[in-house]
Amino acid sequence: MHPDGSGERILSEGFLVEGPTFAPNGRVLMFWRQTRAQDSRGGGFSSRLVSIDITGFHERPVDTPTDASDPAWSPLAA
């Protein structure tokens, strides 16, 4: 992206897409995305962690036991 905002690239879309954090090696970005989830009454939302490589491809959901938000990476091992 250029300083004037041109060349911006949208990596993901959803109701909310927030909390970006780069992996310690700088090659992967993780964020959380909230989308509509259809419950028995036809409403609600679901929050999931998602990772994507820095090329903007290979988006993958991060498996968690329940909804999740605010991703964080552990530090590099010494």
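In the hairpin of E1 and E2, Gly26 adopts a positive phi near 75°. Five residues lie between the two strands of this hairpin. The model is a predicted one.

**Overall make-up**

The protein has four strands and zero helices. Along the sequence the pattern reads β-β-β-β. Of its 78 residues, 24% are buried. The exposed surface comes to about 6000 Å². Carbon and sulfur atoms supply 53% of that surface. Take the contacts between residues at least 6 apart in sequence: 29% of them join residues at least 24 apart.

**The sheet**

The four strands form an open sheet in the order E1-E2-E3-E4, and the pairing is antiparallel. Strand E1 (16-22) and strand E4 (60-62) stand at the edges. Each has a single partner strand, so one side of each is left without a neighbour in the sheet. From one strand to the next, the twist averages 30°. Strands of a sheet pair through backbone hydrogen bonds, in parallel or antiparallel fashion.

E1 and E2 (residues 28-36) run antiparallel and are joined by five bridges. Two positions show how these strands line up. Glu18 stands opposite Trp32 in E2. Phe22 has Leu29 as its bridge partner in E2.

E2 also pairs with E3, again in the antiparallel sense, over nine bridges. Here Gln34 has Ser47 in E3 as its bridge partner.

Val28 belongs to strand E2. Is Val28 buried, exposed or partly exposed? Its relative accessibility is 23%, so Val28 counts as partly exposed; the buried class requires a value under 20%.

The contacts of Val28 reach several parts of the chain. Residues up to four places away in sequence are not counted here. Ile54 is 26 residues from Val28 in sequence. In space, the C-alpha atoms of Val28 and Ile54 are 5.6 Å apart.

**Ser46 in strand E3**

Ser46 sits in strand E3 (residues 45-53). With a relative accessible area of 13%, Ser46 is buried, because buried means under 20%. Which residues does Ser46 contact, leaving aside neighbours within four places in sequence? They are Arg33, Gln34, Thr35, Ala37 and Asp67. One of these, Arg33, also takes part in a salt bridge.

**The salt bridge**

The count of salt bridges comes to one. It links the side chains of Arg33 and Glu59, at 2.8 Å from N to O. Arg33 lies in strand E2 and Glu59 lies in the loop between E3 and E4, so the pair ties together parts that are 26 residues apart in sequence. The two partners fall in separate accessibility classes. Arg33 counts as buried, at 17% relative accessibility. Glu59 counts as partly exposed, at 36%.

Where else does phi turn positive? His58 has a positive phi of about 60° although it is not a glycine. This residue is in the loop between E3 and E4, the loop that also holds Glu59. Asp70 is likewise a residue other than glycine, with a positive phi near 55°. It is found in the segment after E4. His58 is exposed at 56% relative accessible area, and Asp70 is exposed at 59%. Both values meet the cut-off, since exposed means over 50%.

**Accessibility at a glance**

The table gathers the relative accessible areas of the residues discussed above.

| Residue | Relative accessible area | Class |
|---|---|---|
| Ser46 | 13% | buried |
| Arg33 | 17% | buried |
| Val28 | 23% | partly exposed |
| Glu59 | 36% | partly exposed |
| His58 | 56% | exposed |
| Asp70 | 59% | exposed |

How values were computed. Residues numbered from 1 in each chain as written. Predicted model: local features only at pLDDT ≥ 70, side-chain atom pairs only at ≥ 80, totals over all residues. Heavy atoms only, no water. Buried < 20%, exposed > 50% of the residue type's maximum accessible area, 1.4 Å probe, protein only. Contact = heavy atoms within 4.5 Å. Pairing = 2+ DSSP bridges. Axes fitted to C-alpha atoms, helices over the stretch in contact; angles between N-to-C directions. Salt bridge = Lys/Arg side-chain N within 4 Å of Asp/Glu carboxyl O. Areas by Shrake-Rupley, 256 points an atom, 1.4 Å probe, with all protein chains shown as cover.
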